[in-house]
Amino acid sequence: MSELTLYLAPGTCAMAVRIALVEAGAPHQLKRLDLAAGEQRTPAYLAINPKGRVPALVTERGVLTETPALLLYVAQRFPDAGLAPLDDPFLLARMQEVHSFLASTVHVSHAHGRRGSRWADDEQAIAAMKARMPQNMREGFAEIEHHYLAGPWVLGERFSLADIYLFVVASWLESDGVAIDEFPKVAAHTRRMLARPAVQQALLL
């Protein structure tokens, strides 16, 4: 089996793919990008991922991007790890529902606090987005707290990719001005994730 290469940066959603690869026992190597130094915009990296973002996963069949897609790829490529309920259409759709919410709603709220220039040129509009970001993050995590944490894990008793993705996104809360303890279920979930050996290994990079 060919080794995979993951391009990532610490503190980004690409860390979810890194954790999934470690959980799956997947042979892979890491290429760290310094986003502050602009390495994601170099010609060399743009040749790999023209979007200029992380993650990017180089496989023997080509390059894949976007965190939800990469997570599902890992689960399907290494099914024995049991990272996705591939045998249960409903639970698989629920997992993907959570991934979609994290990617399209929560991550966008987070980005409004840091990269408002993606959506507006006016400085006042950018400042307004940044000011609103903590409230939007609270609203997103309130949804997760009340509707998307069914049991010890997102899918109840069954650990899945959704737990990995949620863990990484929840790690942004403090820097977004939101105390994770405002959401007891999310905080407890983070503690459970931090106790997993694969998570501890993955975070060491």
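This is a predicted model: local features need pLDDT of at least 70, side-chain atom pairs count only at pLDDT 80 or more; totals for chains, interfaces and linings use all residues.
Start by selecting R94: at 29% relative accessibility it counts as partly exposed, a label for anything between buried (under 20% relative accessible area) and exposed (over 50%), using a 1.4 Å probe and protein chains only.

Residues are numbered from 1 along each chain as its sequence is written, and side-chain values use heavy atoms, leaving out hydrogens and water.

Next, pick R138 and E182, a salt bridge with its closest N and O atoms 2.9 Å apart. This pair links distant parts of the chain, 44 residues apart: R138 lies in helix 5 (residues 123-147), E182 in the loop between helix 6 (161-170) and helix 7 (184-194). R138 is partly exposed at 32%, and E182 is too, at 38%.

Now jump to K51 and E66, where the closest N and O atoms of the salt bridge are 2.7 Å apart. Here K51 is in the loop between helix 2 (43-46) and strand 3 (56-59), and E66 in the loop between strand 4 (62-65) and helix 3 (67-77). The structure holds seven salt bridges.

Time to go inside. Select F141, I144 and L161, the residues with the most contacts inside the largest nonpolar core, which has 65 residues. Such a core is a set of buried Ala, Val, Leu, Ile, Met, Phe, Trp, Tyr and Cys residues joined through side-chain atoms within 4.5 Å. Stay on I144: beyond its neighbours within four places in sequence, I144 is in contact (heavy atoms within 4.5 Å) with F101, L102, V106, L149, L166 and V186.

Finally, zoom out and colour by secondary structure. The chain has eight helices and four strands, which are DSSP runs numbered from the N terminus (helices H or I, at least four residues; strands E, at least two). In order they run β-α-β-α-β-β-α-α-α-α-α-α. The C-alpha trace spans about 50 × 45 × 30 Å along its principal axes, and 49% of the 205 residues count as buried.

Technical notes:
A salt bridge is a side-chain nitrogen of Lys or Arg within 4 Å of a carboxyl oxygen of Asp or Glu.
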